[in-house]
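Hi,

Here is the model we talked about. Have a look at it first, and my notes on what turned up follow below.

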Amino acid sequence: MSETILNTILKDTYTLTLLKHRLRVLKNYLLNQLFTASKVSLNPEDLTWLNSLGPAFYQQFNKDNVEEIFSRLEAEIKKEQLLYLYLPFVAGNQVVSQIGGQIRHIFEKVVLFEIRFDPSLIAGCAISWKGVYRDYSLRAKIDQRKGEILQSFKKFLR
Amino acid sequence: MNQTEVGYVVENHEFLIYLDGFPSIRINDIVENENGQRGWVTSLSGDKVEVLMLDEGKIAPGQLFKKTPHRLGVPAGEFLLGRAINPLGVPIDGKGLLSKTKTTKVLELEQNAAGIMYRKFITDQFLTGITLIDSLLPLGRGQRELVIGDAHSGKTMFLIDLIVNQKDQGVICIYASIGKSVVSVRDLLDILRANKTLSYTMVIAASSTDPAPLIFLTPKTAFTLAEYFQRQGKHVLVILDDLGTHAKIYREMSLLSNKSPGRESYPGDIFYQHAHLLERAGNFRENLGGGSITALPVIELTLTDFTTFIPTNLMSMTDGHLLFKSSLHNLGMRPAIDISLSVTRVGRQTQDRLTNMLSTRIRQLLSHADELETISRFSAELPPQTQMVLRQKQILEEVLKHEPLTSVPPQIQLILLALCLSSFISDKDKKFMEKNKKVLWQGFLQHPQLVKITQSVPSLKSDDELIKLLEGVSPILNKICS
C-alpha cells in the first residue's frame, strides 16, 4: 500500500527536498484530522497540493496505520537513488518541474533529484549519478581547450 | 565532458567520514573536497566508503568529494636528505619546497614486506661507537631492536648519539617522530643540525596537533623511504619514536570507527599493524638491491612496567630489546641500559671472535659481581678476592659509561674492556678509570708502542692474547697515567 501512496505523491514531486517537505505536511495534516480535528494553518501551495490528492487517497489512512505507513515511506525514500544536478543559477519551481518532467522522460522511470547551485560552472550544467560526476558546463569546455584559448588571447598581447 | 567519480558525505565523526558513491574506488586512494581537504580511503563496506581525513577542517553531511588520480604515497629521492617532512612529503623545516622533479617517484606507503627469498642472514655488525652496545649488546645490520624504557631515562639522547656516530659509516638515518610536540620536533632538528648529521639524515614528523590519521602514517612513510634507499644498496637506520603513541592513535581511530575493542581497549589488529611495519626491516639480497634496514622502535613505559600489552607485543616481534631505566640514569650511567634485562638475538652472530669471547667474560664477571654484591650486604669484612671482583665491576661500569656525542673506535673499546680483566687494574679503583679513561684512549691511538697493540687487535685470536699484550705494556700505561 505504501508503494501506491508514494507513487501518487511522486506524480508531481521531483526533488528530494520537496518530497520530504510534502511528507511532513501530509503527516501533520493526517494526524490532525484523525486525532484532534482542529484547524491547521497551511500555506496556499501546500493546501492546493493536499486538495489535489483526492478523497480516495485519504481513505487509505486510519488511526491504526498512519504511523506505520509513514515510517515505511521514510524507509523507502532512503533507498531511492538520487540524481544531483548542478546548475549555475537558482532554479525556480517552474524550471524544477520542467527539468523533472524531462528527466522522467529520459530515464523512463521516476527519478528523484537534488539541485545544487554552483556558479563556477558559468553556463551549462553538471550531473552526478551513481557516484559518477559528468561535467557538461562551459567551465569544463574552457578547461579542455585552455591551450587554444590562451593562444588566441596571445594575439592581442603587445 | 569531464567525468570523475564522486561521493557524498553521509556520516561524519571528527576525522572519520563515510561517503556514498565512488563505484570503482580502492583502498588507499585519495579523495578531495572542493576546499582541498584530502581523505584517505581505508575501508569499503557495501554502499559506504570509510575515509580518514588527512587535513583539518569542517566536514558537513552532503559535501561532495572527488576521487583524485593519486594513491597514498610520498615522493622519494636523495633530495629528502637533510630535510624534515610530514608523512605525505610536505616539508616542515621552513627550508622551502622540495627540489623534486616531474620524474620523481611517488612511492605508495602501503607495501608488503619483502619475502624470504629476498632476505639473507644478518652478518655485519651495526657499529654505534658506544662501548656498551658494540661489545655487550651488539646490533646487526638489518636487526630490529626495541628501545624500551622509562620517561627521562636518556632514550632520545642515546638515539641522537647513534645518529651522530653514523657519520662516515655510509648509513642513511631516518628519524620518525610520532605525535611529539612541535617544540620537541624543532629541538631535535636543531640538535641534528648542530652536529652536522643532516647530510645523511631525514626526519619524518607528525606532531601531536596534526590529525590522528597523519600521525598514524608516520612510521609507514619512514619505512617506505627506507626501502627506497635500501633498494639502492644502502644501509638504513630507521628510528620510530615512539610506537606507544602510534598504538594510542590507532586505538583512537579504531574506537571511532566502531571496531571492537580488545585488551586495554586496543583493537584486535594492533599486533598486525606493528608486526606488518617491523617486518619491512631486514638484511636483503642483491636481487632486491642488497642494502639493509635496521629498525629501532621506541616505547616509553609507564611506572617502569614493561609487562603491559603493547611493550610485550613489541618485544615479541623484535630481535631483542635495550631496557633503559631512570634509576640507572639517576646514578649517572650513560646509556642507562640494564644489561641483565636487555636482549639481542641476532647481534652476537655479527661480532668477531675476539669481541664475542671478551663480552662473554665481561657479562660473566658482571653477573658474578652482582651476586657478590647481594651477599656482601650481610658481611662487615669481605675477602680480598671478593673485593677485587667488586672493584673490577666498578671499573668496568666506568669504561662502559659513554660521553654524549662521542664515538669510541671498536679497537679502543676492546682494549679498555680487556684492561679491566688484566692485572694492570689490580691496584686501581673506579676513580683511576674515571680520571684516566681518556688518557688511556688517546695513548692507544698516539703512543708509538701502544699503537702497535691497537693495530694488532683485529688479528688476535683470543681475549687472553690481548690481555697478555696489555699486561706487557703496564709500565707504559702507568707512566702515561701518572
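Of the 482 residues in chain B, 45% come out as buried, where buried means 20 or more other C-beta atoms within 10 Å of a residue's own, exposed means 12 or fewer, partly exposed is in between, and C-beta atoms are placed from the backbone. Bear in mind that this is a predicted model, where local features need pLDDT of at least 70 and side-chain atom pairs count only at pLDDT 80 or more, while totals for chains, interfaces and linings use all residues. Residues are numbered from 1 along each chain as its sequence is written, with chains lettered from A and ligands numbered from 1 in the order in which they are written.

The C-alpha trace of chain B spans about 90 × 50 × 40 Å along its principal axes. Its secondary structure amounts to 15 helices and 19 strands (DSSP runs numbered from the N terminus: H or I of at least four residues for helices, E of at least two for strands). Looking at contacts in chain B between residues at least 6 apart in sequence, 71% join residues at least 24 apart; a contact here is two C-beta atoms, placed from the backbone, within 7 Å.

On to the domains, whose bounds come from an automatic or database domain assignment. Chain B gets domain 1 (6–71), domain 2 (74–350) and domain 3 (353–481). The C-alpha centres of domains 2 and 3 of chain B are 33 Å apart, and their contact takes 19 residues from domain 2 and 20 residues from domain 3. On the domain 2 side, α1 (131–136) and α2 (155–164) of chain B are the elements giving two or more residues, and α1(B) gives the most, with 5 residues.

Strand β14 (residues 201–206) of chain B is worth a look, with 6 of its 6 residues buried. Both of its faces are covered: Thr201(B), Val203(B) and Ala205(B) are buried on one side, and Met202(B), Ile204(B) and Ala206(B) on the other. What does β14(B) pair with (pairing takes at least two DSSP bridges)? Strand β8 (residues 84–85) of chain B runs parallel to β14(B) over 2 bridges, and Ile85(B) stands opposite Ile204(B). Strand β13 (residues 171–178) of chain B also pairs with β14(B) in the parallel sense, over 6 bridges, with Tyr175(B) opposite Val203(B). From β13(B) the chain crosses through helix α3 (residues 182–194) of chain B to β14(B) in a right-handed β-α-β crossover, i.e. the path from the first strand over the helix to the second runs clockwise with the strands pointing away from the viewer.

Helix α6 (residues 270–278) of chain B has Ile270(B), Gln273(B), His274(B), Leu277(B) and Leu278(B) as its buried residues. Down the axis of α6(B) these fall within an arc of 120 degrees, so they line one face of the helix (the arc is that of the directions from the helix axis to the C-beta atoms). Among the elements covering them are α4 (212–230), α5 (243–256), β17 (292–300) and α7 (309–317) of chain B.

Finally, the two chains: 11 residues of chain B are in contact with 10 residues of chain A. Strand β1 (residues 2–13) of chain B supplies the largest share of the chain B side, 6 residues. β1(B) pairs with strand β4 (residues 132–135) of chain A in the antiparallel sense over 4 bridges, and Asn2(B) is the bridge partner of Asp135(A).

Cheers

Conventions
Pairing = 2+ DSSP bridges.
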